[in-house]
Amino acid sequence: MTDQFPDESSQQQTAADTAVISAESAEAIEVREQPSVWSRLLRHPSVIIGGLLLTLIVGLVPAAPFLTSLDPTDISPRNRNKPPGFMTVHKDEEGSKYEVKAVMGTDKLGRDVFARVIYGARVSLMVGLCVAFIAVSIGLLIGLLAGYFRLLDAIVMRFMDGLMAIPAILLAIALVSLSGASLFTVIMAIVIPEIPRVVRLVRSIVLSIREEPYVEAAISVGTPTPKILYRHVLPNTIAPLIVQGTFICGSAILLEAILSFLGVGVPPEIPTWGNIMAQGRDLFQIYPHSIFYPGIFLTLTVLAINMLGDGLRDTIDPRMSREF
Amino acid sequence: MSAPVLSVSNLTIDLPRNADRQHAVHDVSFDVAPGEVVCLVGESGSGKSVIAFSVMGLLAKALTIANGTIQLENEDLTRADETRLRELRCTRMGMIFQEPMTALNPVMRCGDQIDEVLQEHTDLGAGERRQRVIDMIEQVHLPDPERMYNSYPHQLSGGQRQRIMIAMALILEPVLLIADEPTTALDVTTQAQILHLIRELQSERNTGVLFITHDFGVVAELADRVAVLKQGELVELGTTQQVLSAPTHPYTKMLIASVPVHEPPVRAAIPEDAPVVLKTEALDKQYKSFSFGGGKQVVDAARDVSIEVRKGETLGIVGESGSGKSTVARCITWLIQSSDGRIWLAGDDIAKMPKRDLHALRQKVQIVFQDPYRSLNPRRTVGQSIIEGPLNYGESKADAWAHAQELMQLVQLDPEGLDRYPHQFSGGQRQRICIARALAMRPELLVADEAVSALDVSVQAQVLQLLEQIRDRMQLAMLFITHDLRVAAQICDVVAVMSKGQVVEYGPTRDVFNNPQHEYTRALFDAAPGRDFAFARSDS
Amino acid sequence: MWTYLFKRILAVIPVLLVVLVVVFLMLRLTPGDPAANIAGDAATSEDIAELRIELGLEEPLPVQFAIYVRNLLKGDFGESFYYKRPVISMIADGIEPTLSLALFTIVLACLVAVPLGTLAAYKQGTWIDRLVMGFSVVGFSVPVFVIGYILIYFLSVKLDWFPVQGYQHIADGIGGWAYRLVLPSTALSVIFIALIARMTRTSVLEVLSEDYIRTARAKGLPQMKVLLKHALRNAAVPIVTIIGIAIAILISGVVVTESVFVIPGLGLLTLDAIQGRDYPTVQALIILFSVVYVVINLLIDVIYTLLDPRIRY
């Protein structure tokens, strides 16, 4: 059940230690090459599955125009509320009619759900990436400073605690509804509640690293504080932040969908998975397809990202950080 | 002699396939007779703890017994199933561990933890069990057994917790006690008491003891017989007298020769006119905390410390944990700010100096830390770490690198190693690198804060020798912080003994060691294990 | 211990202050005149000016903040613009459904997740462990409204086992109350089961590698006793912590779940208030939810002192 590996855990170094020293040799011992991070990553099952799935979904972004000839915003009264598989009739630019099979049916305005779902990937992925990037960048900066400067720490952390106490979704809803729905406000509204979590993570790393003897050694050889932060502290935050950023990306996509679904997100004419579902709410009991299909895509995307995050955590951040 | 309680024969334990050697333990045989203490001694990686765990049946899953038998009173434990092993634990064989701080469950009362043994292995009623636990707590000489019963582990000191562990292991009077470095984490005075307690209880009960240690002082103090292990192989087995005074195997000879002598050697006198590099006057360091109800609480980490180190001289600060010796080192190196008093470094008072002016003076005092595994940034090459300081002080990269190469040779490492990363070096080698990094600053004062404490004895001897050579060659002033009296005896010209934040005795090493004045110093020296034992001093 | 609690309670004050400031500034400093927003499109500029005075918007910001805090302390949350009722009475109406849903969910989640996580840790590396962990990552990725609609579609629409939507007050019969809560609570609890099971597994595994577990085994205790008596008890602190963190997610989940299942609780009230730009109500609800979060985490800190005797400053 538990692994006892008494004094043998440090054996690999120390066994060599005695050997080298007793031989009075003056050379560094041979290195046992550890498999590189990349090869470990590529062998991790959740990285493989999550990565493949995510690649397919990301592939929808450039591929969307080739997968459907329809415009996801085209309203067509005669094609309203058609079930999946129905042949819908459309007009091309010259006015001649042609039929398209609505693989996922149409919504109550007659828009093709399939076209909306695959175009919706663009917005969702963009929101996820932007939020992760912005939240990590801002959080990293604040966290580094707060972790290293005590005076700042007290003020910043009280503020972060306060921000964390406001439920993310309410904060986001309020921010969006107050400043008007646009893609930019949605992104910022999701970023703000994420920042305290990043700050906390970075700060906790800084606090533990600054106690390391090698940081004290750097202080005693006269290395100025900004260099210590950059050289000795910052590199330790990268792996956990990549992991955290991945999870933030997933939860941002989820939160964007929730906001749109509740009608306080991205403007309804822009196709996003949340918007498609919001459109389908009224007639859900009869036409569940406009909720289920985008729901499946949303779930798979978030799942792929979370699996990737799990795999990354196992391989590059062995501290098993507890944040989600 | 009667039949052995434990008989290990031809024991071979395999390591997982990707390890650097095939066996953790190879073809080891020895016995433990009733009432006998057998010490398994070896450096880290020798496989001594693996043997202890294999007897208890607590071996890690990755390790497998490939061959041999372990007989406990004629029952082969290698064939016993989990249920049988569980019955035997604590009834026929008990075990105590190295870390008393973590070996007890933090959320259970100490008494309940001992009681669990009785609940599991006896049919006694609650009242009877409680009485036996209280009796046992008394037998391990803990004060106020009722209170101890109801205490949580965090409320006890390390020594008290180890006593609770001993009570737990011995309450059912097993025939065999396995002790895995049980005093390594303890201070020397506590260690002496625990060793004494183990001796007392095992001779009363005629318990056979298998005692794992790396410390030959402890061996001399406690063992009837000694088995020496080297990388999983038993190289020498004999009575304590034989092995320690007249070892036959070259490895044993080397190990025993590496044990520093408690008797300080005669050292060349420091010239009277040697300039004073460091002088502290009434140095104080207080930690203040405010608590609701309790008001302001002040802890004196160091109080009224006045010491002086001259060029070419080594001053040792000796003390147990919490004595304030590291606090002094950290104040002097300005890793923490002192509360009061003066620190004269080569003529400048640095105690209250503003940070900006301090920068230039920092160069003059450098420090080497205890833990070689955490003292170097794992992401930077050894060379980058060594030249970091000189670059901060405006040295050109080429000059700094050339100097680093010289220093690598000085600390007896290959200059090629500058391009490698710390994980490619062993603990002893890393400590040499840390010394090189400190020397790269061309300091006047070198502070060694327990710099050899984490090293195996043979490596320790070499690093000590290196430090001595460097001090002589560069005419450094050295401040050597240690808890180990033997080490202090070997390397220091002058020692200061610290206790509870204060220097209680201060004088030339030979005077202090041969004629200690303060009662704390005397108690400390009396507690040193194996002090009066005549270790073999071969020429090899 | 009392010192510790006192300190902990004191530490809540700045947090709540930050919440108040953030909420206050958010409603005051967003682009657009709140009075214009409230008054609606048909209002004349005189109407708006009058409303500004009525709302105290002509005062300097610090004064406005002081009035606002004073009113809050008096328990005066203002009057809803939309329903023209005191906000406090609207909140009072919504508390029962929301509290029922939240409690039902959290109890359900703990009952399922803690044994599941412990089992996974105990069987580390086996297919049981992989199954639990697989479920956990899926559970964490499916949005609650998708689960909600799946449950409604199959169990209510297709099989007709449960009512599609709605809520029954506990006063109208416990049976009906519980019956109608089954679907929403199940939907909402999935994410918590994922979260708590995972946390339980991690902390039990961590504890299992501790020295005192080795001691317990060296005493000759059977595996089950080691697991339940020594490991789970010590893993309790991180598990309780994650439940505290989960409260934040629970609040978000409640809003969505109430919307999907049309439960007339605080979540639905929040959405209505936001859509109706009913600022006093929005403000009161955000503050209320934040206070709940802070207070629950305070309670959890109190629980720590009971779980872990080392925390007694």
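Helices here are DSSP runs of H or I with at least four residues, strands are DSSP runs of E with at least two, and both are numbered from the N terminus. With that in hand, you can read chain A along its sequence as α-α-α-β-β-α-α-α-α-α-α-α-α. That makes eleven helices and two strands in chain A.

Before going on, a word about what you're looking at. This is a predicted model, where local features need pLDDT of at least 70 and side-chain atom pairs count only at pLDDT 80 or more, while totals for chains, interfaces and linings use all residues. Residues are numbered from 1 along each chain as its sequence is written, and chains are lettered from A and ligands numbered from 1 in the order in which they are written.

Let's stay with chain A for a moment. Call a residue buried if 20 or more other C-beta atoms lie within 10 Å of its own, exposed if 12 or fewer do, and partly exposed in between, with C-beta atoms placed from the backbone. Of the 324 residues of chain A, 52% come out as buried. Now for contacts: two residues are in contact if their C-beta atoms, again placed from the backbone, lie within 7 Å. Take the contacts in chain A with a separation of 6 or more, and 71% of them join residues 24 or more positions apart.

On to chain C, which splits into domain 1 (2-73) and domain 2 (94-307); such bounds come from an automatic or database domain assignment. The C-alpha centres of these two domains of chain C are 33 Å apart. Where they meet, 14 residues of domain 1 of chain C are in contact with twelve residues of domain 2 of chain C. Which helix gives the most to the domain 1 side? It's H1(C), with eleven residues. That side divides into twelve nonpolar, one polar and one charged residue. Here nonpolar covers Ala, Val, Leu, Ile, Met, Phe, Trp, Tyr, Cys and Pro, charged covers Asp, Glu, Lys and Arg, and polar covers the others, Gly among them.

Chain C also touches chain B: 20 residues of chain C are in contact with 25 residues of chain B. On the chain C side, H9(C) gives the most, with six residues. This side divides into six nonpolar, five polar and nine charged residues.

Finally, chain B has domain 1 (6-257) and domain 2 (273-364 + 483-527). Their C-alpha centres lie 37 Å apart, and five residues of domain 1 of chain B are in contact with five residues of domain 2 of chain B.
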